[in-house]
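Subject: Structure handover and notes

Dear colleague,

Please find below the structure that I am passing on to you, with the sequence alongside. My notes on what was found come after it.

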Amino acid sequence: PMVAFIPIVWAIIAMVITTFRSGYIQGFVEAVRTPEANGYCRFDPATNAHACEQRTSALFAPNGDSENATLLEIAADIDAMILAACKAVGVENPEIACAPHSGARLVDSRGTRVRKVEELIHGRAEPPIYVVPRWLHFIWPTVKVGHVVTPSNVKSADPENPMTITTLSLRPRVFKIKNFMSLKEAHDLIEHNKPRLKRSTVGATATYDRTRTSSNTWDISSKLARRFKRRAFAMLAMDHSEKLEDGLQVLNYQPGQYYKPHVDWLNPETEDMEGNLVPMVNNGTNRFATVFFYLNTVEEGGHTVFPRSYTHKGFDGNKVMRDGGPNPLPGYISDRDAAWACNISSSALRSKAIGGDAVLFYSQLPDGELDHESLHGGCPVLSGDKWAANLWVWNRPRDGSFRPKKRPNNQQQQSPKQQKPDGQIFFQVQNNAGFAVDVHWLNPNGEKAKMGTLETGEFLGLNSFNTHRFGATAKGGDNVLWTHVVKPEDEGNVAVILVPRKARNTITSSSNDPK
C-alpha cells in the first residue's frame, strides 16, 4: 500500500522545487541572507532579483558641525574613507590624526558609528556623517535650537517612549534628553541612596562652600548606577569605560537650597598637578561632558540655569551677566547675576526638572578646548524638593588627586595650547601665612570667587589682568586677611601671602582652626 503514495510524494517535491525556482521561496531565503532588515534591499518577485539602493557619494562634516558638510565620493574601504573625509573637512595633520586603527572614526547623525563603507553605499548611515579624529570624542551637533534627534544607538527604558535629544542652546552646547530613564528606575535610585546623603562639597579638594547648599552621595557600583552610566555612554556615542567616568553623584535639594553657577571642568591654572588637565596637551584629561538626570519633577524652582547662553529660544538680547568686567575669570559669576539668572523675569536659559528626563552639556569644544561658556548652576528650590544625579565623563583616563601645583617658580611652564590673550598677566602666589588658606578673586563688588586652596609653602599659578584684585582667607573662612592688586610687573613673578602676626595668632589659636 505504501507504494501507492510514492507518486504523490514525488508530486509534492516537484511542486516545492517549482515554487523555489519561481523565486518566492528563493526570495525569502535571500532576504534572510541580505540586509533587508536595514531597509536598503528589497526582493522583487517580478524580476526575481533584489533592488538595492546604491550610493556613490555621501555628506561628511566636522565633528559637531552640521553647517560645513562636504559631499565626497565613497571610498573603497573604511580606512580610506576616514582619511579622505578628514582631509575634506580640514582636520589638522590628517595622516596622523586619521591614520588606520588610530581611533579616528565616523559617526552618523543619529549617533551610530559607521564601520563599513557598505553602510554608506546602501544608505544605512544617516547623513551627514561626522568625522571624529583620534584623541577626540563625538559631540552631538546642535544643528539649530529645537532640533530633535532620536539616537539609534540607545535602548530606551520604555520602548513605547523612545529617548530624544533636543537642542536647547548652540553655545554652550546644551541638550534636553527626553525619557532617559523610567520613573521606576528614578524612584529606585533615590531609595537606594537616600540613607547615605551628606552635605555637598565643591572643587577637586572637596571643601564646603556657601555657594553649594545641597546634599549628595556617590553611587559607584549599584546595578542602577552601572545601568545609567552605560546608557549615558551609549547616548554620547562613546564606548563605555570606567576609566573615563566618575561615580554617579546623587543629589537632593530642599526648599531654598541651590548651587551657584560654576563650570564642571577643573581649572588647569589652579587645580593641576603636572599640566595634565589641558585636554589636548601631553595626553591631558579633563571633564568632557556632563549628563544631569532629573529623578523627580520639582513643583517650583530647581531649574538648571546656563547664564552664558545667548542662543536659546526666548533670549531677549539682554545679557544675564553684567558684573565682573570685560574679562571675568573662568567660572565666575556675581551673586547678583546668579540670582537674576534664576529669576523668571530674566531670559536666561533654564532647564526645568522633569522626572525621567536629563540635560546634556559639554565642558569641551569639538576641538578639545575647554568651554568657558559652559557656566551652569542649580536654581533654588521654591516648593517641594529636588532629586537629581549627574555623571561626569572625561576625555581620557584620569589619575592623581589634582592638588594645587607645588613647584619652584622657575619650573612653571605654560602649555602651547594656553596662549595668553592680549593684556593677560601670568603670576604666582605662595602661601607663607603659616596656615592653610583659600585664594579668591575679588570682583569689583567685593564678592569672592575661590581659585584654590594652598597649604603652607605651596604655589598657585594665576592668569589675570591689570588691576584685578585677589585675596586670601583662612581655609574655609570668610574674612579676607591678605589682598593683592595685579600690575604689569607681576608677570612671571611671585606674590607672597603674608598675614600680620596678630591675625596669624588669632587664626592658629582659635578653636575653629581650618582643617
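Predicted model: local features only at pLDDT ≥ 70, side-chain atom pairs only at ≥ 80, totals over all residues.

Residues are numbered from 1 along each chain as its sequence is written, and side-chain values use heavy atoms, with hydrogens and water left out.

The protein as a whole

The protein contains nine helices and 29 strands, where helices (H or I, at least four residues) and strands (E, at least two) are DSSP runs numbered from the N terminus. Of the 515 residues in the protein, 49% are buried, a word that stands here for under 20% relative accessible area, with exposed meaning over 50% and partly exposed in between (1.4 Å probe, protein chains only). Among contacts between residues at least 6 apart in sequence, 69% join residues at least 24 apart, a contact being heavy atoms within 4.5 Å.

Helix α3

Helix α3 covers residues 78-89, and its 12 residues reach 16 Å from the first C-alpha to the last, which is close to the 16 Å expected at 1.5 Å a residue; the expected span is 1.5 Å times one less than the number of residues. Its buried residues are Ile78, Met81, Ile82, Ala85, Cys86 and Val89. Seen down the axis of α3, these buried residues fall within an arc of 130°, so they line one face of the helix, the arc being that of the directions from the helix axis to the C-beta atoms.

At the N-terminal end, aspartate 77 caps α3, with a side-chain oxygen 3.1 Å from the backbone nitrogen of aspartate 79. Just after the helix, glycine 90 takes a positive phi of about 90°.

Valine 89, which lies in α3, counts as buried because its relative accessibility is 16%. Leaving aside neighbours within four places in sequence, valine 89 is in contact with Phe60, Ala61, Pro62 and Val131. The C-alpha atoms of valine 89 and tyrosine 130 are separated by 9.4 Å, although the two residues are 41 apart along the chain.

Four strands form an open sheet in the order β14-β20-β17-β18, with antiparallel pairing; two strands are taken to pair if DSSP finds at least two bridges between them. The edge strands, β14 (259-262) and β18 (349-351), each pair on one side only, and the twist from one strand to the next averages 20°. Axes are lines fitted to C-alpha atoms, for helices over the stretch in contact, and angles run from 0 to 180 degrees between N-to-C directions. Within this sheet, β17 (residues 304-306) and β20 (residues 376-378) pair in the antiparallel sense over two bridges, and threonine 304 has glycine 378 as its bridge partner in β20.

Helix α8 (residues 335-342) packs on the sheet, where it touches β14, β17 and β18, and its direction makes about 105° with that of β14. Asp337, Ala338 and Ala341 are buried in α8. Seen down the axis of α8, its buried residues fall within an arc of 100°, so they line one face of the helix, and what covers them includes β14, β17 and β18.

The sheet around β27

Another open sheet of four strands has the order β25-β24-β27-β28, and its pairing is antiparallel. Strands β25 (448-454) and β28 stand at the edges with a single partner strand each, so one side of each is left without a neighbour in the sheet. Neighbouring strands here are turned by 25° against each other on average, direction ignored.

Strand β27 (residues 469-474) is mostly covered, since five of its six residues are buried. Six bridges join β27 to the antiparallel strand β24 (residues 437-442), where valine 437 stands opposite alanine 474 and aspartate 438 has threonine 473 as its bridge partner. Five bridges join β27 to β28 (residues 480-485), again in the antiparallel sense, and alanine 472 stands opposite tryptophan 482 in β28. The hairpin of β27 and β28 has five residues between the strands, and in this hairpin glycine 476 takes a positive phi near 80°.

With best regards

Note on methods:
Polar contact = N/O pair within 3.5 Å; in protein donor to acceptor, adjacent residues only side chain to side chain.
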